[in-house]
Amino acid sequence: MDKGLHFTICVVTTVLLLRESSQAGEEMDPELLAAPKPCCSCVCVPPCQEDPYVMVRGAELEGYCMELLAALAGMLRFQYRVKVVGDGQYGAVAAGGNWSGMIGEILRREADIAVAPLTVTSAREEVVSFTTPFLQTGIGILLRKDTTSQDMSFFHFLSPFSKETWTALLFAYLLTCFCLFLVARLSPCEWNEPKNEENHFTFLNSLWFGAGALALQGATPRPQALSVRVIAVVWWLFTLALLAAYIANFTALLSSGSEQLPIQTFEDLVKQRNLEFGTLEGSSTFYY
């Protein structure tokens, strides 16, 4: 009986102690939530406000980078304060080996993190750590419409094909005409009067026949030998495919209202001297 009473008292005492500890824990939870959160000393933003990443609206900054930073602060529970980078650069290595821009402020511990549309380069990766990029793009070249617009020249009809294509077409035309002339001279069916050694399919007539095929017009004399006719049929099929491609490209060129841009790649931009171009000093595009 004494043992049973002793056991009951121990159980009741244990339950009371557990209840007091749980109540004490509930009373301390608001204090834990109200405790000061870790603060990030400062955050660098782009030197020049770039829409839509960072935009100035009155006295505040907003944009994708600012919303991303606010979302990270809510998830990781930290406080931060924002400032624009001092020297107005993204970050590059100076002559003395020191870094400028946002990268330099991070290395000098003037900032903890940098939130910006900052390009990931191999040189920057050696000194700082990057997160997974939220956007991947290449170098873009912007030209004004009045810069690219040109008056229609006399040789505008040559625009659908490149110079290499026209050169190859001229070579194919001469080679085919020479083959027509050679096969016609060797084939006995092309000789109307063998005794007089008269053959009307001369080299000049071969050139005229090939040009007529290019214009989809019939030309005389027509080949009579089977071997010459086979070459003529192949040339006609080639000219039909070529003219179809030419008409399609020329129609698209006229409907677009402008010729092909003179600058397609970065190498084209460097080779020309008519258009002036530039980029932000200290950026990855500048060093590229």
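## Salt bridges, helices and a surface patch

Glu-105 is buried, with a relative accessible area of 5%. The model is predicted. Glu-105 forms a salt bridge with Lys-83, and their closest N and O atoms are 3.0 Å apart. Glu-105 sits in helix α3 (residues 101-107) and Lys-83 in strand β4 (residues 79-84), so the pair ties together parts that lie 22 residues apart in sequence. Lys-83 is partly exposed, at 28% relative accessibility.

The whole structure holds 3 salt bridges.

| Salt bridge | N to O distance |
|---|---|
| Glu-105 and Lys-83 | 3.0 Å |
| Arg-108 and Glu-110 | 3.1 Å |
| Glu-62 and Arg-57 | 3.5 Å |

Arg-108 is partly exposed, at 44% relative accessibility. In the remaining pair, Glu-62 is partly exposed at 36% relative accessibility. Arg-57 has a relative accessible area of 45% and is also partly exposed.

Helix α6 covers residues 163-186, a run of 24 residues. From first C-alpha to last, α6 reaches 35 Å, close to the 34 Å expected at 1.5 Å a residue. Its buried residues are Leu-169, Tyr-173, Thr-176, Cys-177, Leu-180 and Ala-184.

Helix α7 (residues 203-214) has 12 residues. At 1.5 Å a residue it should span 16 Å, and its end C-alpha atoms are 17 Å apart, which agrees. Ser-206, Phe-209, Gly-210, Gly-212 and Ala-213 are buried in α7. They cover an arc of only 160 degrees around the axis, so they lie on the same side of α7. Leu-204 and Trp-208 are exposed, on the face turned away from the buried side. After α7 comes Leu-216, with a positive phi near 55 degrees.

Helix α8 (residues 226-256) contains Thr-239. Thr-239 is buried, with a relative accessible area of 0%. Which residues does Thr-239 contact, leaving aside its neighbours within four places in sequence? They are Ala-213 and Leu-214. Ala-213 is one of the buried residues of α7.

**A nonpolar patch**

Seven names make up a nonpolar surface patch: Tyr-64, Leu-68, Leu-72, Met-75, Leu-76, Phe-134 and Leu-135. Together they have about 680 Å² of accessible area. Leu-135 lies in the loop between α4 (122-125) and α5 (145-148). Leu-135 is partly exposed, with a relative accessible area of 49%.

Methods: Residues are numbered from 1 along each chain as its sequence is written. This is a predicted model: local features need pLDDT of at least 70, side-chain atom pairs count only at pLDDT 80 or more; totals for chains, interfaces and linings use all residues. Side-chain values use heavy atoms; hydrogens and water are left out. Patches are made of residues with over 30% relative accessible area and no salt bridge: like charges are joined within 9 Å, nonpolar side chains (Val, Leu, Ile, Met, Phe, Trp, Tyr) within 5 Å. Accessible areas come from the Shrake-Rupley method with a 1.4 Å probe; for residues, only the protein chains shown count as cover. A salt bridge is a side-chain nitrogen of Lys or Arg within 4 Å of a carboxyl oxygen of Asp or Glu. Helices (H or I, at least four residues) and strands (E, at least two) are DSSP runs, numbered from the N terminus. Buried means under 20% relative accessible area, exposed over 50%, partly exposed in between (1.4 Å probe, protein chains only). The expected span of a helix is 1.5 Å times one less than its number of residues. The arc is that of the directions from the helix axis to the C-beta atoms. Contact means heavy atoms within 4.5 Å.
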